[in-house]
Amino acid sequence: MKNNIELWKADEVTVIPNTDTTITAIVNHSDQTNLSTVQKQQIALAYNAGAYDMAAEYVWKKTVTKLREAILSLGEDFVGEMLLGAGGDKDIRLEDLLTDYKSINLAEQLGMISKGSALLLRQDYELIQYCFSTQAIEDNLGLDSLRVLSIIKDCVENILSKPNMQVALEFTQLRERLLNDDIREQDVEVNQLKLSSLFFIRTVCTVLSSAIRTRQGALLEHPLNNFKLIIPLVWEKLADDDKWNIGFLYRDVVSAGNTKAANAVKLALAKNNGFDYVPESLRSRTFIKIAQQLIDVHYGYDNFYREPKVVEELASLGSVLPEPALFYCMKAYLLVYLGNYYGRSDKAVERVEEQLAKIDKEQWIAFFDQKLPYDIDLINTLCANSKKPIMNFKTLLRNLRMNALNLNTTVGAKLYSAILNSNISIISLYQHK
């Protein structure tokens, strides 16, 4: 068996020839199902008339709409499990949760687009986000003809040229087995799962946890049996955040009086000494909720203006971060502190540094060993074309006197050293591992 089984593989992009340098030539490479002849003409007219922001915004909206439609075609239950996690609020509209940034990342993780395509689209999104913000107005910066032409070319090449965005059926088929059949350890799907990415394993755990929370009677049998089999097999590959989620699951089924589910989850946890991840109260979830809100604001429009309010809200919850919420809060604070290519929210940075200063040495060591290597958003931020985020991290560690830590894992030590030495190339090796 291969050492690296790819369950999904992105389609090749449609390469636009270097000779096609006009807006008309570029948009003509888009498929008719994505941009009609009239729409192509309107984009070209807007661009040639100097309405660059109008042309860029229209093409970008068509692009992310295409991504969202492709993702939602997998089914609302599946997408809801990926976005909301087990036990999430099912009344929330999935279309509202699929922000531009989340749609790009999810499409990459599902294999709809390649790593390179996702990188370009994230950069384009960041540029558009900045240029439509109040900060850009203050800085007197905007979208010019070359930037917009590049954005439109990226959108057409990677998304709008495709009549359909295909996702292999392996996961949807496995999901049906997880919920409606007993999987055996010798089954090929189990071997594939052991060798799969953290995203795939995490989604399997979420599907099972969601079913255990919501199903009753005979419908609960298969998810419980598969949970008891799979969780011990993948436990060591899970990040601490995922282990805490399983701890929350145990607490919830016990509170609901679901003895059968509680016994099954307890058995899976006992095989891995997993009871360290069972929380004592609901306090942690409040921290996690506000931390996630801060992350969403960071990746939203006008983030420099909106971040300080949410930072203050998170900081006001308490001076001591509960252990289950520690990494969520550290991530949210760090994303604000690191900023992006265009800078960061000066009004939020000072308050963020105050909060990060309350985190002790052992917690920072645990962060580098257990959290950072698995966090897509932080790794991508540190790998930005600009060195601003990595330099900001280096400055933070120096200010907090955390620039001489002795880490416990090889990957943690490598990433820590790369940050201190501003070595983006080393960090990029750990993108989407």
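## Exercises on a predicted model

In helix α6, the buried residues are Asp100, Tyr101, Ser103, Ile104, Asn105, Leu106, Ala107 and Glu108. Keep that list at hand, and remember that this is a predicted model.

**Exercise 1.** Work out how many residues of α6 are buried, and which helices they pack against.

*Solution.* Start with the span: α6 covers residues 100-109. Next, apply the cut-off for buried, under 20% relative accessible area. By that test, 8 of the 10 residues in α6 are buried, making the helix mostly covered. Then look for their partners: the buried residues pack against α3 (52-72), α4 (76-84), α7, α12 (198-214) and α21.

**Exercise 2.** Find which element gives the most residues to the lining of the second largest pocket.

*Solution.* Begin with the space itself, about 510 Å³. Of its 26 lining residues, Arg122, Gln123, Glu126, Tyr341 and Ala384 are the closest to the centre. Now list the elements that give two or more residues: α7 (115-131), α9 (145-160) and α21 (376-382). Among these, α7 gives the most, with 9 residues.

**Exercise 3.** Identify the residues that touch the most other members of the largest nonpolar core.

*Solution.* This core has 108 residues, and those touching the most other members are Ile152, Trp364, Phe367, Phe368 and Phe393. Helix α18 (residues 326-338) contributes the most, with 12 residues. Now turn to isoleucine 152: beyond its neighbours within four places in sequence, its contacts are Ile23, Ile26, Val27, Ile43, Ala55 and Val59. A second, separate core of 35 residues includes Val190, Ile231, Leu269 and Tyr277.

Key:
Residues numbered from 1 in each chain as written. Predicted model: local features only at pLDDT ≥ 70, side-chain atom pairs only at ≥ 80, totals over all residues. Heavy atoms only, no water. Core = buried A, V, L, I, M, F, W, Y, C linked by side-chain atoms within 4.5 Å. Buried < 20%, exposed > 50% of the residue type's maximum accessible area, 1.4 Å probe, protein only. Helix = DSSP H or I, 4+ residues; strand = E, 2+ residues; numbered from the N terminus. Contact = heavy atoms within 4.5 Å. 1 Å grid on protein atoms, 1.4 Å probe; cavity = no way out; pocket = protein on both sides within 12 Å on 5 of 7 lines; lining within 4 Å. Points joined across faces, edges and corners; volume = space filled by probe spheres on them.
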